[in-house]
Amino acid sequence: MGAVLTFDQARQPADKSRADAWADAWAVAAAVCDPEVPVLTIEDLGVLREVRIENGRVEAFITPTYSGCPAMNLIALNVEVALEEAGFTNVKVTSVLSPAWTTDWMSEAGKAKLAAYGIAPPKGKAGRRALFGEEVVACPRCGSADTAKVSEFGSTACKAHWRCRACAEPFDYFKCI
Amino acid sequence: MTDGPLFLATLRLADDALVLGHRLSEWCGHAPVLEEDLALANLGLDLIGQARSLYSYAGTVEGRGRDEDQLAYLRREGEYRNLLLVEQPNGDFAVTMTRQLLFSAFMHPFHVAMKASSDPTLAAIAAKAEKEMAYHVRHTGEWLIRLGDGTAESHRRAQAALDELWPYSGELFEVDEAMRAAIEAGFVPDPEAIRPRFDETIDHVLAEATLNKPKVGAFQAGGRAGRHSEHMGFLLADLQYMQRTYPNATW
């Protein structure tokens, strides 16, 4: 994570060191949850890319998972509110497109939380898959590999709809991109 | 026309994405099965998301203070530069899937190539869109195979959809003066370089689907110059209704 620490002036109160201020700002922004997958923070997802403090202004950089992700506006607003509630007065949230988000940025902790929540986490690395290839996804409930894709598209842009033949439950799979 | 090639190239991509995204949104609540209702809405969401990034950037490049909403909602029919293909009506499910496959089979490799654009913003938009379009190709390709290689009725409809829409596929490769300038500046890839990948995908799907590629003498064109089919006015009336009726409305 390329955190830029080139700030000239720490936020007030002055008893905090600048590094502390940055760490505080990062922690506050990082704790904001994805409104559509509330068990994951935007840090778990890799949506929070960077926090900068420059001249007393805190700027958080976030990146959308999908171009049309409808949660981005709410995430931006929630980050802004969280930082302001934590005492940062001059706050800006900027959305960046590059580099493009990939499930490779999802933390291992995030993947474990997803599975515990009943969503199969993205499998493996987001390499170039064959256009018409098959994939095997384990059921997040019973662990069986005897599963089938119902639809490439699920309840949100980032998920696909699968079902388990062993326990007969439907489940979401967080698509690997 | 004094608009520069970067603005025009960006606007065309934005118009394609918006108009096709809008067409897909018309399926909401009407798809044959619930899963497909979700899928079509998701495909549309990807395209409208891409359109937002592209329109925002087009507005910045243009430098006249127009934002994404003004470009999407406040232009007249003749000012839209989208492909005729994307404005064609949804028809039956086979028509929608065929239209989507023709578009995605071209746009996926196009975005892959545009990741190397000399313009960093277009490259960034392409890097996101490429991943999304890969899903669109796969989903629509699988459907066309299922329809074409399905029952006699689904085969008949899939072939009819292909016969109807194939004449609009030539416009994907059209290069006019503005486009040539954008290609030479390295903003967008040359569509001729995309053709082998497009052909490969289409040939693969049609072979599996037992469908025949239509032979046409001439392709339809005109969308890039703002000359649209009769369907476009109705589409815009629906798309722009709220903004025209309640200017500057937000929610």
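Author: Chain A has four helices and seven strands. Along the sequence they follow the pattern α-α-β-β-α-β-α-β-β-β-β. Keep in mind that this is a predicted model.

Reader: How many helices and strands does chain B have?

Author: The secondary structure of chain B comes to ten helices and zero strands. From the N terminus on, its elements run α-α-α-α-α-α-α-α-α-α. The radius of gyration of chain B is 18 Å, close to the 18 Å that the globule rule gives for 251 residues, so chain B is as compact as a globular protein of that length. Its C-alpha atoms fill a box of roughly 55 × 40 × 30 Å along the principal axes.

Reader: What percentage of the residues is buried in chain A, and what percentage in chain B?

Author: Buried residues make up 47% of the 177 residues in chain A. In chain B they make up 57% of the 251 residues.

Reader: How do I read a pair of packed helices?

Author: Two packed helices are described by the angle between their axes and the distance between the axes. In chain B, take helix α6 (residues 120–148) and helix α7 (residues 152–165): their axes come within 7 Å and cross at roughly 125°. That angle makes α6(B) oblique to α7(B).

Reader: Which residues of α6(B) and α7(B) meet?

Author: From α6(B), Leu144(B), Arg146(B), Leu147(B) and Gly148(B) meet Ser154(B), His155(B) and Ala158(B) of α7(B). The residues of this contact divide into three nonpolar, three polar and one charged.

Reader: Now a single helix. Which residues of helix α4 of chain A are buried, and which are exposed?

Author: In helix α4 (residues 108–117) of chain A, the buried residues are Gly110(A), Lys111(A) and Leu114(A). They cover an arc of only 100° around the axis, which puts them on the same side of α4(A). Glu108(A) and Ala116(A), on the other side of α4(A), are exposed.

Reader: What do the buried residues of α4(A) pack against?

Author: They pack against α2 (42–45), β4 (119–120) and β7 (170–174) of chain A.

Reader: How should I read backbone angles?

Author: Most residues other than glycine have a negative phi, and most peptide bonds are trans. Ala168(A) is not a glycine, yet it has a positive phi of about 65°. Ala168(A) lies in the loop between β6 (159–164) and β7 of chain A, and at 63% relative accessibility it counts as exposed. In chain B, Asn248(B) also has a positive phi of about 65° without being a glycine. Asn248(B) is found in the segment after α10 (231–245) of chain B and counts as exposed at 66% relative accessibility.

Key. Residues are numbered from 1 along each chain as its sequence is written. Chains are lettered from A and ligands numbered from 1 in the order in which they are written. This is a predicted model: local features need pLDDT of at least 70, side-chain atom pairs count only at pLDDT 80 or more; totals for chains, interfaces and linings use all residues. Side-chain values use heavy atoms; hydrogens and water are left out. Axes are lines fitted to C-alpha atoms, for helices over the stretch in contact, and angles run from 0 to 180 degrees between N-to-C directions. Helices (H or I, at least four residues) and strands (E, at least two) are DSSP runs, numbered from the N terminus. Angles under 35 degrees count as roughly parallel, over 145 as roughly antiparallel, 65 to 115 as roughly perpendicular and the rest as oblique. Contact means heavy atoms within 4.5 Å. Ala, Val, Leu, Ile, Met, Phe, Trp, Tyr, Cys and Pro count as nonpolar, Asp, Glu, Lys and Arg as charged, and the others, Gly among them, as polar. Buried means under 20% relative accessible area, exposed over 50%, partly exposed in between (1.4 Å probe, protein chains only). The arc is that of the directions from the helix axis to the C-beta atoms. The radius of gyration is taken over C-alpha atoms; the globule rule is 2.2 Å times the number of residues to the power 0.38.
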